[in-house]
Each structure stands twice: as C-alpha cells, then as structure tokens.
Amino acid sequence: MKIKTFIVILATVAGLIVSTFTAVMTFVIIGKPICSVMLIKISLTVLSVLPVIGFLSLFSGTYLSRKFLFIQERLTKIRDQEFTQNNSKNFISEVHEINDDINYLSNQLETLIGDLRQKNHNLSNLLISMSHDIKTPITIINGYIEEIEDGLVSKKQLPEALDYMKKEINFLNELTVDMLEFISSMERHKAKEKIILYYFLENELFPLLPKNENVQLINEINKDLVIEFNKIDLKKICINIICNAIKHIEKGYVKVYSEGENIYFENNGNKIEKEYSQKIFDPFFTTSKSKNRKNRKNGFGLGLSIVSNLSTNNSYKCSLKSSDEKKTIFSLEKKEIIIK
C-alpha cells in the first residue's frame with residue numbers, strides 16, 4: 001500500500017470516529033435522548049463532514065507522499081552514485097533533518113568511494129610494477145640455481161654466483177618492505193596526539209637522519225606550534241622528505257618552517273622539473289632516467305606515495321609547492337574538513 005492511500009484511509013477512518021463521537025457527546029451533554037430522529041441527525045452530520053475529512057486527508061496524504069517520494073528519489077540517486085546535495089527547506093522539521101542526514105551520508109559516501117577508487121588504481125599500478133620488478137631477480141636467481149645444479153658453475157665461480165644471488169634477494173627484500181609500507185600507509189583512523197613540532201624535530205627526528213657535513217639542518221618552526229598527528233606517521237613523512245632532499249644536495253641546507261599549522265620543507269638541491277610536480281607522488285615513479293635497477297638512486301619510487309597517503313590520513317596534503325635553480329619547497333598543509 002502506498003503512503004498516500006494509507007494516510008487517506010487512516011485520516012478518513014479517524015475523522016469518522018471523531019465526528020461520530022463528537023455528535024453523540026453533543027446530544028449527551030445537552031441531555032437529549034438519542035432517538036431515531038437524533039440518530040438520523042447524527043448520521044447526516046457525519047455524512048456532511050465526510051467530504052471535508054476526505055479532502056483534508058487527500059491533501060495531507062498527497063503532501064506527505066511527495067516528501068517521501070523526494071526522499072526515495074534522493075536515495076535512488078545515491079544508489080546510482082549521483083551524490084548531489086539538496087539544501088531546500090521543508091515545513092516539516094523531521095523531513096528537513098532527514099534531508100540533512102542524506103546530504104551528510106551522500107558526501108561521506110562520495111568521499112569513501114573516491115578514496116576506494118584511488119586506492120584500487122594505486123594497487124593496480126603497484127601490482128603491475130611489482131610483477132615487473134620481481135620477475136627479473138627471480139629469473140636471475142633461478143638461472144644461477146639451475147647452472148649450479150647442472151655443474152656449470154665451478155667452485156671458483158661459486159662465491160661470486162652466491163654473492164650475486166644475495167644481492168638479488170636483498171633487492172627483493174627491500175622491494176617487499178617498501179610495498180608493505182605503501183599498503184600500510186593506506187590505513188586510516190590511526191590514533192593522533194598533540195605534538196610540539198619544534199622539539200619533536202630537535203629531539204626525535206634530526207638525531208635519526210644520516211650525518212652529512214655538507215648539509216645543514218635548520219629548524220625554524222614556531223616553538224609554540226602544536227599539531228595533532230600520528231607521531232609515527234609524522235616521523236616517516238619528515239624522514240622521507242628530508243632524506244630525499246639530502247640525496248640531491250651537494251652542499252647546502254634543509255630548512256623546516258611553519259605558517260600556522262602548515263609545515264614547509266625547503267632545500268637548495270636539484271630542481272624538480274614542472275612536468276614531474278604531480279607524478280612524483282605516483283607509486284613507482286622515479287625521475288631517474290637509468291633503466292638499470294642497480295643504477296637507480298631514488299629507490300623504488302614509493303617514498304612520496306607513502307608520504308602522500310600518510311598526510312591524507314592525518315588531514316594534511318603534501319605537495320610540491322615550488323622548485324627552481326635556487327630552492328625547492330615541499331608543503332604539508334592542513335586540509336579543511338567540510339561536512340555538508
């Protein structure tokens with residue numbers, strides 16, 4: 001039964017009961033006996049009120065059915081992944097609240113589905129690149145094992161062959177660690193804590209960085225700045241960005257400073273070309289032009305992808321702010337969370 005029909009029947013029955021009860025009570029109150037004449041009058045009164053009851057119930061049923069139809073249409077659109085927002089006002093407060101809740105859920109679903117699509121895309125790229133990077137060392141190791149089994153490797157050549165296989169195994173191990181780190185970086189809802197950023201850098205981060213006499217570490221963070229962040233995530237982000245900068249500096253500095261809750265990493269290392277400004281955050285992307293795995297200095301190209309994921313998980317966005325011959329700046333900017 002549709003809601004319009006249900007409301008019309010319900011209102012009509014209720015109206016008949018109320019009008020009949022009112023007519024009967026009227027005669028009881030005035031003290032007149034309910035005889036056949038009075039019964040006819042009561043029936044006529046009820047029948048005369050019936051069209052009014054029917055009209056009012058039809059009007060209210062039509063109005064409410066439209067509101068429920070509107071809600072149903074919105075839910076159908078969400079089911080079809082049309083995440084539109086509707087801020088129209090409704091006379092009935094409950095319907096207005098339902099509409100606001102649907103707006104909120106629509107916004108949340110749109111964000112979640114977008115995240116899932118991006119993660120699916122990243123994982124697909126990860127598997128494609130991983131299969132290529134894993135295949136080569138496995139082929140090499142398998143080839144050496146077959147040669148050893150067939151007696152094609154002499155005792156004199158055996159240490160060199162084993163050393164080569166160890167290097168390939170180390171390569172696979174490093175690749176596996178980076179991939180697991182990348183997949184782990186997609187995990188959200190980690191516990192955050194308040195961090196005094198200046199002392200975090202001085203006491204917990206800088207001591208972990210590789211010593212380099214040619215690179216000066218400068219901490220210009222406001223000493224009163226407190227941010228909410230997962231400490232392990234923040235440590236991974238800072239180490240990755242600063243270590244990447246140190247690799248590309250012959251002699252110079254890495255400076256960390258802040259503007260509000262936004263954090264900036266500045267260095268005077270090599271310029272990053274504009275065409276790479278977005279690509280450097282893609283999994284397995286590296287600016288190294290060498291096709292040889294052994295000559296690749298930038299790792300597997302997962303570092304900045306991990307940084308991007310960890311930043312997003314903590315309501316920040318990491319991006320390449322600018323880069324020229326004089327300096328390069330990476331930013332870690334606080335994102336505004338908009339709940340519609």
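A residue is termed buried when its relative accessible area is under 20%, exposed when over 50%, and partly exposed in between (1.4 Å probe, protein chains only).

**Figure 1. Overview of the predicted protein chain.** By this criterion, 34% of the 340 residues of the protein chain count as buried. The chain contains seven helices and seven strands, where helices (H or I, at least four residues) and strands (E, at least two) are DSSP runs numbered from the N terminus. Residues are numbered from 1 along each chain as its sequence is written, and side-chain values use heavy atoms, with hydrogens and water left out. In this predicted model, local features need pLDDT of at least 70 and side-chain atom pairs count only at pLDDT 80 or more, whereas totals for chains, interfaces and linings use all residues.

**Figure 2. Close-up of helix H6, residues 231-247.** The 17 residues of H6 reach 24 Å from the first C-alpha to the last, close to the expected 24 Å, which is 1.5 Å times one less than the number of residues. Buried positions in H6 include Leu234, Ile237, Cys238, Ile241 and Ala245. An α-helix has 3.6 residues a turn, so residues three or four places apart point the same way.

**Figure 3. Close-up of the contact between H6 and H7.** Asp233, Lys236, Ile237, Asn240, Ile241 and Asn244 of H6 meet Gly303, Leu304, Val307, Leu310 and Ser311 of H7, contact being heavy atoms within 4.5 Å.
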